[in-house]
Amino acid sequence: MMRQFELVDRVVSYEAGADEDLLNRAYVYATKMHGDQKRASGDPYFSHPVEVAGILTELRLDCATIATGLLHDTLEDTEATFNEITSMFGGEIAELVNGVTKLSKLEISSASPSQAENFRKLLLATANDVRVLLVKLADRLHNMRTLHFITSPEKRARIAQETLDIYAPLAGRMGMQNFREEFEDLAFSELNPDARNTVLRRLEELDETKGAILDDIAYEFHNILTEMGVSCKVDGRRKRPFSIWRKMENKSISLEQLSDIYGYRVIVDNEDACYKALGVLHRTFRVVPGRFKDYISMPKLNNYQSLHTTVIGPNKQRVEIQIRSQDMHAVAEQGVAAHWVYKDISTKAPSRMDQINPFNWLQDMVSQLKTGETAEEFMENTKLELFTDQVFCFTPKGRLIALPRGATVLDFAYAVHTQVGNSCTGARINGRQLPIPSVLHNGDEIEIIRSEKNLPRPVWLRHVVTGKARAAIRNVLREQEEAGFVELGQRLVESLFASEGLECKREFIERAVGVLGLNSLARLYAEVGRGRLSATEVLVTAFPSKKRKDPKDKDVLTKGQDTQLSARAVPVGKSLQGMAMSFAEGCFPLPGDAIIGILTPEEGLKIYPMEAPILSDFEDHEERWVAMHWDIGEGSDALFDSRLDMTLVDKAGSLSIVSQTLADFDANITNLSLFKRDETFHDLALDIQVRDVNHANQIVNALRASSVVTRIERVVAAKEK
Ligand code: MN
């Protein structure tokens with residue numbers, strides 16, 4: 001374990017003005033707080049934060065970050081509090097430690113590989129300071145280095161897999177290739193030691209035959225470049241076992257077939273020298289077409305810069321070459337952390353690093369990391385759902401679900417499963433019961449409350465933002481609507497057959513299905529229900545001998561006929577209402593009122609009170625008239641809209657007398673409009689909900705008897721046509 005003075009010395013060695021006192025205090029405080037806690041290795045727990053701080057000094061990070069490394073587990077694992085850390089080490093460090101703690105908590109709800117991308121984004125969304133991520137990565141790196149001390153194989157495998165799925169790609173995105181490679185290598189040796197050993201053995205064999213050549217080629221490149229006046233350093237290197245294995249798996253090829261196991265890195269003094277070196281190599285060796293990439297003029301979003309090319313090398317083999325300056329190299333190896341590493345004092349020309357304001361750069365980095373590594377990925381993410389507009393929530397089992405910002409409980413339910421959405425009645429969000437339209441926040445844990453009796457309603461469309469939920473709701477509504485039309489059509493056909501004294505057997509109707517060119521019984525009924533096909537047409541198609549009746553003597557219902565007793569009457573109940581059947585506009589018939597249906601193409605059956613003046617418009621279209629009767633069932637609690645039109649005396653309290661009377665009769669008010677007629681009277685239109693005609697009449701009589709009502713009538717049908 002690194003000792004206190006060693007750690008401080010290391011920081012001072014790269015940061016002259018380092019706050020030694022701060023580092024010493026953080027070291028002492030963390031030692032005290034962790035006390036005699038132990039690691040799985042048996043070491044004192046405190047060795048862990050010290051090693052994490054040590055890794056951070058290798059990145060040459062600032063004092064606040066090193067102190068955060070020392071303190072990073074105190075909030076989570078000890079008695080330390082945010083306020084105490086704030087007062088001892090200041091707000092900046094307290095915020096950093098708090099940020100790392102938040103990330104550690106997220107880790108508990110471990111993600112599956114398919115959710116790794118979302119989880120990485122969640123980490124980025126949660127860490128608002130890039131230094132929080134750097135400490136988190138160093139923390140994970142030390143935990144991976146000491147992974148073998150953990151005795152449970154399942155736990156080791158889970159941590160290794162998580163590292164491979166989440167932290168290695170995250171380090172890659174941040175441009176920290178060294179971290180990425182070590183993560184991958186450590187995870188690989190835990191998860192698949194056999195594969196790793198196989199690759200290593202084969203690499204050793206290759207090295208025996210080609211190893212010398214690797215150095216020879218590096219030497220030859222160096223000589224050629226130096227002769228042409230480019231001072232440089234050339235490294236020949238071999239790919240890491242894990243990336244070789246991954247390539248072999250992805251492309252299903254053998255190790256021998258991999259052309260790029262060996263690569264060369266040419267490090268020169270500055271940007272100009274990069275292009276000069278490229279020119280020399282391209283003139284000397286044959287270039288493999290399509291492999292040249294200029295990441296200097298077009299840096300990657302994580303600020304990676306280099307020239308990449310592939311040539312046919314000295315021994316006629318394809319050779320990959322990366323050319324970069326020293327400062328580009330620092331960025332390539334340490335990515336976002338390189339800002340603290342490299343201060344270019346060797347060249348007078350302003351380097352790219354000097355032009356970068358470190359804080360803006362970090363800001364940019366984080367926002368770029370959030371969207372993706374390349375311009376293509378950036379575009380792809382933008383097209384889908386822009387990450388900054390996302391919110392991440394968990395199921396009770398810890399599954400992570402990403403939704404667009406503004407998403408509601410319903411969106412979440414539909415994201416889990418269509419059936420969960422359809423049966424959703426609300427949710428417990430972090431244990432609190434909330435209704436369907438509630439908007440979700442990052443990190444919420446959502447438990448959907450369901451009822452199988454529940455059905456989606458049209459108003460749900462206003463409570464969702466995701467396309468998936470919207471489509472699923474529309475789907476169910478369409479099905480409901482279709483079912484309503486099918487049911488209505490069937491009733492119309494059946495009642496017509498009954499009035500003709502014919503049995504409505506399935507086989508008769510199916511005959512009509514074929515003749516009319518419809519593909520199913522349901523289709524036929526739906527067509528009748530929608531008013532596109534008449535029931536009479538179905539009848540004469542099923543029984544061609546039954547000619548159409550002469551319109552003059554047809555058995556048609558006319559106004560005033562006792563529809564309730566008619567065998568043909570279609571029942572109006574709660575279940576049949578919907579798209580297929582609805583009350584005509586401005587009409588408020590109640591159970592007990594005589595009603596009649598008018599088939600309206602595409603709108604289904606419109607229900608009118610028999611006394612509606614507008615019915616005279618349909619006198620010449622008897623084929624559209626449908627007898628109807630009420631069927632709301634015994635003891636039904638169904639309520640119907642009714643409208644009362646009245647004149648009130650204009651005096652204080654008159655409205656409250658009206659509302660008290662309504663309350664006495666257990667009637668809800670759904671709408672109210674008041675018009676001043678003159679100094680002494682008001683006209684009042686009141687929409688209420690009642691059970692039936694009797695209920696409405698009781699209310700009307702009671703109001704008529706009251707001292708404040710001078711005129712009252714129930715509106716059954718719109719007065720004018
Ligand atoms: Mn830790």
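Guide: Arg399 sits in the loop between strand S7 (390-394) and strand S8 (400-404). Helices (H or I, at least four residues) and strands (E, at least two) are DSSP runs, numbered from the N terminus. The model is predicted: local features need pLDDT of at least 70, side-chain atom pairs count only at pLDDT 80 or more, and totals for chains, interfaces and linings use all residues. Residues are numbered from 1 along each chain as its sequence is written, and side-chain values use heavy atoms, with hydrogens and water left out.

Visitor: Why does Arg399 count as partly exposed?

Guide: Buried means under 20% relative accessible area, exposed over 50%, partly exposed in between (1.4 Å probe, protein chains only). Arg399 has 39% relative accessibility, so it counts as partly exposed. Its C-alpha atom is separated by 9.6 Å from that of Glu445, 46 residues apart along the chain.

Visitor: What makes an atom a protein donor of the manganese ion?

Guide: Donors are N, O and S atoms within 2.8 Å of the metal (3.2 Å for Na, K and Ca); water is not among the atoms, so sites may look incomplete. His48 (NE2), His72 (NE2), Asp73 (OD) and Asp139 (OD) lie 2.2 to 2.3 Å from the manganese ion, so they qualify. Their spacing along the chain is H-x23-H-D-x65-D. His48 lies in helix H3 (residues 47-58) and Asp139 in helix H9 (residues 130-145), so the pair ties together parts that are 91 residues apart in sequence. Both His48 and Asp139 are buried.

Visitor: How do you know that S17 and S19 pair?

Guide: Two strands pair if DSSP finds at least two bridges between them. Ten bridges join strand S17 (residues 640-649) to strand S19 (residues 681-690), so the pair qualifies. These strands run antiparallel. Arg643 stands opposite Asp687 in S19.

Visitor: Which strands are called edge strands, and why?

Guide: The open sheet of four strands has the order S18-S19-S17-S20, with antiparallel pairing. Strand S18 (668-676) and strand S20 (709-715) are the edge strands: each pairs on one side only.
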